[in-house]
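Here is a friendly briefing on salt bridges and on one pair of packed helices. Have the model open as you read.

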Amino acid sequence: LLLGHALLGGRDPADVLGPAVALELVHTAALLHDDVIDRAALRRGEPTLHQSFAGRHRAERGRVGDADAYGRAIAILVGDLVLVAADDRFRTARVAAPVLDRAWERFTDLRIEVMAGQVLDVEAAAGPDISSTRALTIATLKSGRYTVARPLEIGALLAGASDVLAEALRRAGDPLGRAFQLRDDLLGVFGDPDRTGKPSTSDLAEGKRTLLIAEALARLDDAGRRELEAGLGDPGLDGSRAARLRALLETCGARDAVEARIEADLAAGLHALDALGDPEHGRTGTVDDGPLDADASATLRALAVELARRQH
């Protein structure tokens, strides 16, 4: 969001710090609720909030009732509270009311999209199969859109960008955000737990139907598909079985296919950003937004590469 604001000539980041914090709070709320949905034990190397409160329930004398249910309830309520705080912070932007209203509409879209993506993710985990198209839609809505695309668009709108340019920024951000999520999916299966902060078996045990899984199911023979399906969503999945599943995902070419898609999305996003800086492309419309800030543009490109190729 701050880069989107700077790209369009926003001079003082403090003017939009409230909306920037609001996005971080939405992200935090999404993680709190996602950990409950996934029954995740760790987040960034530490116990998840629902696990922490469940442990407190068990440790304190005189507590009654189900400790796990208590932990989940507290985490859901904290997530709800954080969402309220996000709304409150967004409205503190130091911009004209009409400008803030335009940005608020996109902030609403962002929140709807991440919830829709989460619903699709839950549905996919409960279903017998998933297509690559469906997996890419989930990656875009559940994470990519609210991680990169909408924040860029909102930041530009807060700087007074035209709807034409703000929408063009959103379109440029979509493949970059998707690349970020696809990298996250690979790290969830092949990443170093000491760097990712969560077990490398968790995504498989939770049955996440990502592009990686969709590509594998399309490539494996019947025996391989049965083995993969048997391990997906098994809470008792151990290290040796997870290693076998990782081998299947690699030998069938699924991992390479996702890597190729990440690079393609990165290239598409960078190309779209380049086009925004060219008066002959992407800057059409009735409103002249002026040149993009060169420093912010360079920073955004570097960040895009880091998002797609990170190892943690």
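Asp109 and Arg106 join their side chains in a salt bridge, at 2.8 Å from N to O. A salt bridge here is a side-chain nitrogen of Lys or Arg within 4 Å of a carboxyl oxygen of Asp or Glu. The structure holds 32 salt bridges.

This is a predicted model: local features need pLDDT of at least 70 and side-chain atom pairs count only at pLDDT 80 or more, while totals for chains, interfaces and linings use all residues. Residues are numbered from 1 along each chain as its sequence is written, and side-chain values use heavy atoms, leaving out hydrogens and water.

**Salt bridges within a helix**

- Asp109 and Arg106 sit about one helical turn apart because they are three residues apart in helix H5 (residues 97-126). Helices are DSSP runs of H or I with at least four residues, numbered from the N terminus.
- Asp109 is partly exposed, with a relative accessible area of 22%. The scale is buried under 20% relative accessible area, exposed over 50% and partly exposed in between, using a 1.4 Å probe and protein chains only.
- Arg150 and Glu153 also pair up through their side chains, with a salt bridge of 2.6 Å from N to O. Both residues belong to helix H6 (residues 132-158), three residues apart, or about one turn of the helix.
- Arg150 is buried at a relative accessible area of 8%, and Glu153 is buried at 4%.
- Arg150 and Glu153 are part of a salt-bridge network that also links Glu113, Arg145, Glu167, Arg170, Arg171 and Asp174.

**A salt bridge between distant parts of the chain**

- Arg309 forms a salt bridge with Glu263, and their closest N and O atoms are 2.8 Å apart.
- The two residues are 46 residues apart and link distant parts of the chain, with Arg309 in helix H14 (residues 294-309) and Glu263 in helix H13 (residues 254-276).
- Arg309 is partly exposed at 45% relative accessible area, and Glu263 is partly exposed at 32%.

**How H13 and H14 pack**

- The axes of H13 and H14 come within 10 Å and cross at roughly 170 degrees; axes are lines fitted to C-alpha atoms over the stretch in contact, and angles run from 0 to 180 degrees between N-to-C directions.
- H13 is therefore roughly antiparallel to H14, a term for angles over 145 degrees.
- On the H13 side, the contact (heavy atoms within 4.5 Å) includes Glu263, and on the H14 side it includes Arg309.
- The residues of this contact divide into eight nonpolar, no polar and four charged. Nonpolar covers Ala, Val, Leu, Ile, Met, Phe, Trp, Tyr, Cys and Pro, charged covers Asp, Glu, Lys and Arg, and polar covers the others, Gly among them.

Definitions and conventions: Angles under 35 degrees count as roughly parallel, over 145 as roughly antiparallel, 65 to 115 as roughly perpendicular and the rest as oblique.
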